[in-house]
Amino acid sequence: MDSAGRTMDAAEVVQESPGRYLAVSHTLRPDGRFHAALAVSTDLMNWTFATDFGAGSSQPTIKSVSDGGYLVAWEQDPSNHVAVHYYPDRDSLVRGRATRSFQAPRSLSSCAEGTPNIYSVRLAPDIDHSVIDLGGHYYADCSADRQMRATLTNFSSWTATRQNSVDNAMLHWGVRGNIGDRDDVMFRGFPYGLFEGQYTHGDFGSWRTFLYDYGTGNADPLRIRTDKGSAAFANPSITVLDTPDGRRAVMVSLFIPSENSAPGEAGQLLYYRTY
């Protein structure tokens with residue numbers, strides 16, 4: 001939880017600067033809706049609540065931009081769709097004051113599109129002349145989440161395409177439910193991704209995490225070990241950062257559903273491994 005007592009579900013952590021970190025996450029609030037939020041930390045353990053991005057926002061992702069600003073995207077309800085917001089500096093981010101906002105039209109599903117991640121941002125030379133590469137899911141045939149890739153051009157034009165080959169990498173392992181959240185990382189010069197796949201539709205205890213190799217187009221299920229032996233893992237995110245004491249590390253965030261979790265382990269899991 002953050003300093004306001006809000007659960008940091010589906011958290012994504014990024015490094016702001018040496019010894020300073022940002023995390024976006026969501027929580028279910030008393031109004032019965034999800035709210036995405038920002039928290040800050042200096043030790044990766046204690047998180048100070050900074051701002052609430054508003055009702056109906058969930059599954060947030062964050063990326064720094066070369067001009068010193070930040071992009072935050074999330075799934076927005078009603079009519080679940082991807083929303084992208086630009087904050088020109090840290091102060092505007094912490095205050096939740098976006099200067100550009102884009103509500104993406106749904107084009108692959110009439111039911112829902114969302115759970116975004118941001119692969120890259122190219123400015124030419126500013127946010128109004130930019131190309132933003134995003135990932136997401138679409139609710140295929142209004143029955144199961146599948147992968148999409150989208151481009152936001154000049155913060156005004158949106159195109160999205162199905163990623164059947166990425167889906168097939170998880171379907172190969174017998175995934176028959178949703179293929180949803182994802183994150184990418186460059187590790188030792190090679191591009192990888194973490195993807196969530198649900199073996200059985202509607203069974204939260206069947207969520208598993210897969211490591212996807214963007215070079216080969218293949219995925220492998222990960223054998224994640226917790227202290228007490230939880231088996232289900234969803235909403236993966238991954239980043240390379242420097243720990244508070246200066247060591248290089250891979251930071252991973254996973255949500256452990258209550259179904260198929262060990263006693264006391266359900267909820268948000270954050271951990272890192274140095275290398």
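Q: Leaving aside its neighbours within four places in sequence, which residues is Ile132 in contact with?
A: Happy to start here, with the note that this model is predicted. Contact is taken as heavy atoms within 4.5 Å. Leaving aside neighbours within four places in sequence, the partners of Ile132 are Leu71, Ile118, Ser120, Val121, Ile127, Ala150, Thr151, Leu152 and Phe155.

Q: How many residues does the largest nonpolar core have?
A: Ile132 is among the residues with the most contacts inside this core, along with Leu71, Val84, Leu134, Leu152, Phe155 and Trp158. The core's total is 22 residues.

Q: Which element gives the largest share of this core?
A: Two or more residues come from each of the strands S6 (70-76), S7 (81-87), S9 (113-123), S10 (130-140), S11 (144-153) and S12 (157-162). The largest share is four residues, and the strand that gives it is S10.

Q: How many residues are in another core that lies apart from it?
A: This other core includes Val14, Val24, Ala36 and Phe53. Its size is 14 residues.

Q: Which are the edge strands of the open sheet of three strands?
A: The sheet has the order S17-S18-S19, with antiparallel pairing. An edge strand here pairs on one side only, which leaves strand S17 (234-242) and strand S19 (267-274).

Q: What is the bridge partner of Phe255 in S19?
A: Strand S18 covers residues 248-256. Eight bridges join S18 to S19, and the two run antiparallel. For Phe255, the partner in S19 is Gln268.

Conventions
Residues numbered from 1 in each chain as written. Predicted model: local features only at pLDDT ≥ 70, side-chain atom pairs only at ≥ 80, totals over all residues. Heavy atoms only, no water. Pairing = 2+ DSSP bridges. Core = buried A, V, L, I, M, F, W, Y, C linked by side-chain atoms within 4.5 Å. Buried < 20%, exposed > 50% of the residue type's maximum accessible area, 1.4 Å probe, protein only.
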